[in-house]
Structures are given as structure tokens and as C-alpha cells.
Amino acid sequence: MSAILKQAANVYTITLFRDFEEEFKLSVASSTMFKGSVGRTVFFEVWIEGITGSRQEVQYKMEDSTVTCTCKNFEESGWLCFHCLRILHLHSINTIPDRYITTRWNRYAKKQIWERVDTIKREKGEINNFTGWRLHMIRR
């Protein structure tokens, strides 16, 4: 298993990981054409032969490994499309940059939300750190 898939398996929910794995497979099967560059920003076209509508333009900024795609999958869904994955692989980026791992699809998102709720309630004085009174009633 590739490093990027291992990382995705560790950070994403199982549901998203399955979708991400499909995107990864598509990225391996895709074709790429260099379109040009402006400074340290390069432009590519990525597509899958025989699939109408799969051709998209991808912009890659070398200074911070930022990748954007005209399909807008990340902006709309919160995970990278195969077009972007292909370009990251092309530039030997072997892990998903942190900016592309959203809390929404993080396997620990629910835990983080409840911890945040508890912190807010604790600050407001609505809950405390003491053990509940019922636990003191239990005889051992």
C-alpha cells in the first residue's frame, strides 16, 4: 500500500477512505499533460482516456505544495480528486498535505466535537471535573 493510502486509512473515516481509495486508483490510471508555468506555479491537464468529461486543469504551486483543480471536488466535498492526487504524485508528494485533511472527514471529528462541547460547558460552569455522585454510591 502506498504511503498516501496508509495515511488516508489512518486519518479518514472508513466511508471516506473507500471513496478516497477509488480516487487514488483513478489517479494511477490517469494521463497528464504539462500546459505551462508562471513563476513557480505550473499548470497541467489531467484526464482518463475514454471517459468523457474527466479532463480538468490542475494548478500546482511549488513553494507550498498547493494544488487546485477546476473540478472543485475538494471545495465541494472536502477530499482531493484524482486530478490533484495525480499532480501531487508527479511532484513526489507522498503524504496528503495537512490543509487537505478536513475535520469533517477526520475519523476523530466526533471525539473532537464532544471535547470542545465539554470545554465550553466547563468554562461556563455547567459541568465540573468531579466524579458523578452516583459513582460514590457504588460499594466495592
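The following questions and answers concern a predicted model.

Q: Is helix α2 parallel, perpendicular or oblique to helix α4?
A: Two packed helices are described by the angle between their axes and the distance between the axes. The axes of α2 (residues 14-29) and α4 (residues 82-90) come within 8 Å and cross at roughly 60°. That angle makes the arrangement of α2 relative to α4 oblique.

Q: How many nonpolar residues does the contact of α2 with α4 have?
A: From α2, the residues F20, E23, F24, L26, S27 and V28 take part, and they meet F82, L85 and R86 of α4. By class, one residue of this contact is polar and two are charged, while the number of nonpolar residues is six.

Q: Which strands stand at the edges of the sheet?
A: The open sheet is formed by four strands in the order β1-β2-β3-β4, with antiparallel pairing. Each edge strand has a single partner, so one side of it is left without a neighbour in the sheet. The edge strands are β1 (31-38) and β4 (66-69).

Q: What is the bridge partner of Q59 in β4?
A: Strand β3 spans residues 56-61 and pairs with β4 in the antiparallel sense. Four bridges join these two strands. In β4, the bridge partner of Q59 is T68.

Conventions: Residues numbered from 1 in each chain as written. Predicted model: local features only at pLDDT ≥ 70, side-chain atom pairs only at ≥ 80, totals over all residues. Heavy atoms only, no water. Axes fitted to C-alpha atoms, helices over the stretch in contact; angles between N-to-C directions. Parallel < 35°, antiparallel > 145°, perpendicular 65-115°, else oblique. Contact = heavy atoms within 4.5 Å. Nonpolar A, V, L, I, M, F, W, Y, C, P; charged D, E, K, R; others polar. Pairing = 2+ DSSP bridges.
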